[in-house]
Amino acid sequence: MKVALFVPCYVDQFYPQVGIASLQLLEKLGVKAEFPAAQTCCGQPLANSGCERDALPIYRHYVDTFAAYDYVVAPSGSCVYHVRKHFDKLEQTPDVQQVRTSAYDLIDFIYNVLGVKEIPGSFPHRVGLHLSCHGQRGLHQANESEMTPVRDGQLRQLLGSLDGIELTHLDRNDECCGFGGTFCVSEAAISARMGQDRVADHLRNGTSVLTGGDMSCLMHLEGIVRRGKLPMRVMHAAEILNGTIS
Amino acid sequence: MNHATRAAKFIGDADRTTWHDETLWFVRTKRDKAVYAVPEFQDLRELASQIKNHTLSKLDFYLEQFEEQAKRNGVHVHWAADADEHNAIILDIIRQHNATRIVKSKSMLTEECHLNPHLIANGIEVVDTDLGERIIQLRDEAPSHLVLPAIHLKKEDVGETFFQHLGTAKGEVDPQVLTEAARQHLRARFLAAEVAISGVNFAVAETGGIVICTNEGNADLGVNLAHVHIGAMGIEKLIPRLSDLSVFTRLLARSATGQPVTTYTSHYTKPADGKEMHIVIVDNGRTKQLGRPDFRASLKCIRCGACMNTCPVYRRSGGHSYDATVPGPIGSILSPNIDMKKHSSLPFASTLCGSCSDVCPVKIDIHTQLYKWRQVLAEANEIPASKKWSMKLMGRFLTSPRALGIGGKLARHGIKFLPYSLTHARHFNVWAVARELPEPPKQSFHEWYQQQEVK
């Protein structure tokens, strides 16, 4: 099994520890992932702004970089969702088809491909789970409140298996955080307010560690937490899981 | 003015934004409870979606079948290519009866065609009889929601409006007192009306009948009292058979308000003895949308408003921020079809979270269509030039790992070494108005990984 790690552009630059945790976590679970140095980005920021045409060279670069791997794993459901769903704009060569099916969110990969449903370790904290919309509604990594009252999903199960952890029960389980890519600046007022409301839900319900599978949501929420000097740590789920497993 | 500017204005009143968000979220949770209680709800959505897809694929056939049946029932059927024709036809019918007093029950189509100003300009008194519609008509405002047109108003606002227009006491905010005042006020209009105009929720091709779903019963009161009934419908309101109707009535009210069914589901098939019934079938851009493969499915909409209640952007920006007849996510995929320039910012008024698509009772892929409208708008140069050029630049940058490495390093060092007042200056950096920038790490993942390899 040939596995590549895809570290999204903003994670590469601002959250290297998330890439490191992903790499180490995979290794602890028996997967030695490679990091192809030529990688850049999935092109989503451009495409979500309407500039899909300008994103095509980025798509092609991604395909060239990752076509040779059985799995391409990223600590960000949003990028994975973009590759799977929106690379339909490219001519569907075998390479393009390959990268569209081999792209996996890290948690999805651990849960479904590796079949790991429990993580040995302890994390005695009150943890609030932020579900990324693209991971949840796009990649179906968690139940949706639009469909069912049952709050379940891959990350909830993996985190829930840790000793001592207490998962926060939010008033609104899966409301969007308001990051939304370029939305965070083009609709800055709404974006910020959505983030503030999200953080307030966590605060109200006792979250001391805010986590999730998608660093882009967390970057936005962390910006709000730090601005408000709130008593809450923001960590990617890979950091928690990697830290607990020995 | 774009959506973001109007939204920022709404959100400026933080308390009102909280109230608006919580009120609509309450409706969303009511919807959830009603939906969870029906185990086959997802199957119903699929069925409704297929019925609508089928109908849209044979719309010409079903429209003609409907017309033929309706005529056989003694109904006058009119065809309107656009809003002007729709308004002219209705004015003509009113004039034929020398009528001047009209009652109307909620019809987003007449709103879309701007019928009221047209009638008023021609000396006709037209009164909207849904409570919410009447409130905003008195205030000379547009509806801010498909099924809750006055949801942007608090009871204090209604009290003030009724004090000014209906003579209730100053400061009266008791909902029951205010509703009773509206009831008495409207009752006189109902009794005096010569013509009643209604919208249409469903038009059944095999019977030629129309179905109107309301909670207040005002459509029925208006239609049954007046001598002439005019039903106005868009071409997309058709369903093939009467037996298809229950699929939609089970979905509509649950999705809209969490009720199992609307209080009234009224069937109008033919005029009562001595009375007249007209149906105006309107295109007004719908065939154009039908001709757009990526956006065709938007015509499946049954106007339940669930996508508004669930939309985290709508709940915090208010319906008027969309400046369109139909606000919210569904409006944002319908409106650019009508006027791409005016509505160019609407498909961007979304995080693409996808909740709209998941609550949609007829499974319209709303968030995917929002994404696709963005592409159409950019190709048509209807996005800001600054965005277009920065994206082009970014495109160059993001195909080169070397350029990304250098650029990223510059950004990290910039945040680290430049003064906070500069990196977080609100005029340059809207991110920083309410958020801190990430704390720049010493090295990128790329750099760290290279080091590991060297070791």
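1. Two residues are in contact here if their C-beta atoms, placed from the backbone, lie within 7 Å. This is a predicted model, where local features need pLDDT of at least 70 and side-chain atom pairs count only at pLDDT 80 or more, while totals for chains, interfaces and linings use all residues. Residues are numbered from 1 along each chain as its sequence is written, with chains lettered from A and ligands numbered from 1 in the order in which they are written.

2. Let's start with the interface. On the chain B side, 55 residues are in contact with 60 residues of chain A. Helix 19 (385-397) of chain B is one of the helices supplying at least two residues to that side, and its six residues are the largest share. By class, the side of chain B that touches chain A splits into 32 nonpolar, 13 polar and 10 charged residues. (Nonpolar means Ala, Val, Leu, Ile, Met, Phe, Trp, Tyr, Cys and Pro; charged means Asp, Glu, Lys and Arg; the others, Gly among them, count as polar.) As for helix numbers, helices (H or I, at least four residues) and strands (E, at least two) are DSSP runs, numbered from the N terminus.

3. From first C-alpha to last, its 13 residues reach 18 Å, close to the 18 Å expected at 1.5 Å a residue; the expected span is 1.5 Å times one less than the number of residues. Met391(B), Met394(B) and Gly395(B) are buried, where buried means 20 or more other C-beta atoms within 10 Å of the residue's own, exposed means 12 or fewer, and partly exposed is in between, with C-beta atoms placed from the backbone. Those buried residues fall within an arc of 105° seen down the axis, so they line one face of helix 19 of chain B; the arc is that of the directions from the helix axis to the C-beta atoms.

4. What covers that buried side? Helix 3 (44-48) and helix 4 of chain A are among the elements covering the buried residues of helix 19 of chain B. The face turned away carries exposed residues, including Trp389(B) and Arg396(B).

5. Now chain A itself. It has 13 helices and seven strands. Its radius of gyration is 17 Å, close to the 18 Å the globule rule gives for 246 residues, so chain A is as compact as a globular protein of that length. (The radius is taken over C-alpha atoms, and the rule is 2.2 Å times the number of residues to the power 0.38.) Buried residues make up 59% of the 246.

6. Chain A is assigned domain 1 (3-113) and domain 2 (126-244), with bounds from an automatic or database domain assignment. Their centres, taken over C-alpha atoms, are 21 Å apart. The contact takes 25 residues from domain 1 and 22 residues from domain 2 of chain A. On the domain 1 side, helix 2 (16-28) of chain A gives the most, six residues.

7. Helix 6 (94-102) of chain A has Val96(A), Val99(A) and Ser102(A) buried. They cover an arc of only 140° around the axis, which puts them on the same side of the helix. They pack against helix 4 (52-66), strand 2 (71-74), helix 5 (77-86) and strand 3 (103-105) of chain A.

8. With 19 C-beta neighbours inside 10 Å, Ile51(B) counts as partly exposed. Not counting residues up to four places away in sequence, Ile51(B) touches Ile239(B), Asp244(B) and Val247(B).
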